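Reader: I am new to this structure and would like to learn how to read its features one at a time. Could you show me the general idea first and then the case at hand?

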Amino acid sequence: MSLVSYGRALTLHAERQPDAVALVHEGRVTRYAELEAGANRLARHLAKRGVGEGDFVTIGLPNGRAFVELLFACWKLGATPQPVSPRLPRHERDAILALVRPRLVVGIPAAEAPRAWTVLDGELEALDESDAPLPDRVSTWRMAICSGGSTGRPKVVVDHIRGECDPEARYHDESPGTSILIPGPLYHSAPLINALMVLLGGGRVVLMSRFEAEEALALIERHRLALAIFVPTMMVRIWKLPRETRERFDLSSLRRVVSSSAFLPEWLRREWIEWIGPDRVWEAYGGSERIVGTLISGREWLARPGSVGRVSEGRKLKIVGPDGATLPPGEIGDVYGMPPGGPGSTYHYLGAEPRRLADGWETLGDMGWLDADGFLYLVDRRTDLVVTGGANVYPAEVEGAIESHPSVLACAVIGLPDDDLGASVHAIVQIAESVDEASLRRHVEGRLVRYKVPRSFEFVREPLKDDAGKVRRAALRAERIEGMERRSDRAS
């Protein structure tokens, strides 16, 4: 089928299968005819508020039907949705709004944002607008996603994909009409894109307000879902459920679990492969910028443990050394990518500049190496590398070893200043219950060479990773160094 706009794709599905389920959220079912009618009403309301082709609309809503209707309302007008976390601190949100300069802001109190529109429960459904189809429009940029990266400085990635699709295309090797569990927040790119692609194919999206491990398994069983998109933190939480709890659920409908957005530890992948089989455990690597992107199945991974796969969708990869030269297979360096359309073809930043070489190749800041067959192996982000006593320690590897302990929920490893070593490895460990440091240290020593074992451990109860499974190591390191300096000042 030829390409149609995102708005037209929704209309086609509503015409062909009006009673088919499009969205399930907190037990509430939304059918395609209802989603189409709601998006049309909302699009007309947005238009009355001045939204038109090329405009940004900032969406600060939690997961739910209103969020999805707003997405399609924007696309029906040729506008670009720009989601933000509704829990984002005001100073960060203000910085993003200053970068984006949206035509309209939805879900943020009017006193806190220009042109803001506060949405109350039921308000979107009560709009007194026509639900008839609108004139067809295609958004030049399909979405704009916030990214703080490892530094915490806000930037926005404007996706250059146009708002059009083939509604009969396969997705994750599934036919149109497939089903998926979306447990993460829609203001992150992976949950949003996966939900979008399934809806554009006329499929069924089961959306969680907040991830809960046992509830995720229950939803897969109850709705007989074919796909699930998780971040590693979610996979850890599921795996650490009591075995009898995990095995109580029927996951036979599940054809593919995809891990994305963060490093997937080897031990965790092996456990999932043993549990549900190698053909159902996949990992995707890339970024909202789409300059690099790889995909690997569990079966491929067993043949190449540690790999995140080969480059996909016509992209190219190379590994670059400190002098800018391309490195041969097996040597660690910075991962650079080139999209098929050339430099700048897939996105542009608001609030940042791309890290490009003179020849246009670009990096997201990750380090890794390629094997002779072009399979990529990541080690970590260059900005997070800890050099201790002249040896390189990659935090993600250490975190994976620590998180394999049954009482550990999450971990962040950073380097702290050390007069002797240059930096000492420090682990901040989020625990579910009290953990004896000596036993944790023994656990880690059995999995890592000695110089990678943290010199110090810090135990916390508050979450270390966001809903996308990402951790801001730079911010955590800055906080610890500031505390060290304050203690030093008091001592002197």
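**Reading the model**

Author: Let us begin with the cysteines: a disulfide is a pair of cysteine sulfur atoms within 2.5 Å, and by this rule the count comes to 0 disulfides. Cys-74 is in no disulfide, the nearest cysteine sulfur being that of Cys-146, 14 Å away. Cys-165 is in no disulfide either, and the nearest cysteine sulfur to that of Cys-165 belongs to Cys-74, 16 Å away. This is a predicted model, in which local features need pLDDT of at least 70 and side-chain atom pairs count only at pLDDT 80 or more, while totals for chains, interfaces and linings use all residues. Residues are numbered from 1 along each chain as its sequence is written, and side-chain values use heavy atoms, with hydrogens and water left out.

Reader: Are Cys-74 and Cys-165 buried or exposed?

Author: Buried means under 20% relative accessible area, exposed means over 50%, and partly exposed lies in between, with a 1.4 Å probe and protein chains only. Cys-74 has a relative accessibility of 0% and therefore counts as buried, and Cys-165 is buried with a relative accessible area of 8%. Across the protein, buried residues make up 56% of the 492 residues.

Reader: How many helices and strands does the protein have, and how is its radius of gyration to be read?

Author: Helices (H or I, at least four residues) and strands (E, at least two) are DSSP runs, numbered from the N terminus, and here they come to 13 helices and 28 strands. The radius of gyration is taken over C-alpha atoms, and the globule rule is 2.2 Å times the number of residues to the power 0.38. For this protein the radius of gyration is 23 Å, close to the 23 Å that the rule gives for 492 residues, so the protein is as compact as a globular protein of that length. Along the principal axes, the C-alpha atoms fill a box of roughly 70 × 50 × 45 Å.

Reader: Which elements do the buried residues of helix H1 pack against?

Author: Contact means heavy atoms within 4.5 Å. Helix H1, residues 6-16, is mostly covered, with 8 of its 11 residues buried, and these buried residues pack against strand E1 (4-5), helix H2 (32-48), helix H3 (65-76), strand E10 (164-165) and helix H5 (189-200). His-13 is in helix H1 and counts as buried at 6% relative accessibility. Leaving aside neighbours within four places in sequence, the contacts of His-13 include Pro-18, Tyr-32 and Pro-167.

Reader: What does Asp-334 touch, not counting residues up to four places away in sequence?

Author: Asp-334, which lies in strand E19 (residues 333-338), touches Lys-318, Ile-319, Val-320, Asp-366, Met-367 and Arg-382 on that count. At 13% relative accessibility, Asp-334 counts as buried.

Reader: Where are Glu-26 and Arg-101, and what is the phi of Glu-26 and of Arg-101?

Author: Glu-26 is in the loop between strand E2 (21-25) and strand E3 (28-31), and has a positive phi of about 50° although it is not a glycine. At 64% relative accessibility, Glu-26 counts as exposed. Arg-101 lies in the loop between helix H4 (90-100) and strand E6 (104-106); Arg-101 also has a positive phi of about 50° without being a glycine, and counts as exposed at 68% relative accessibility.
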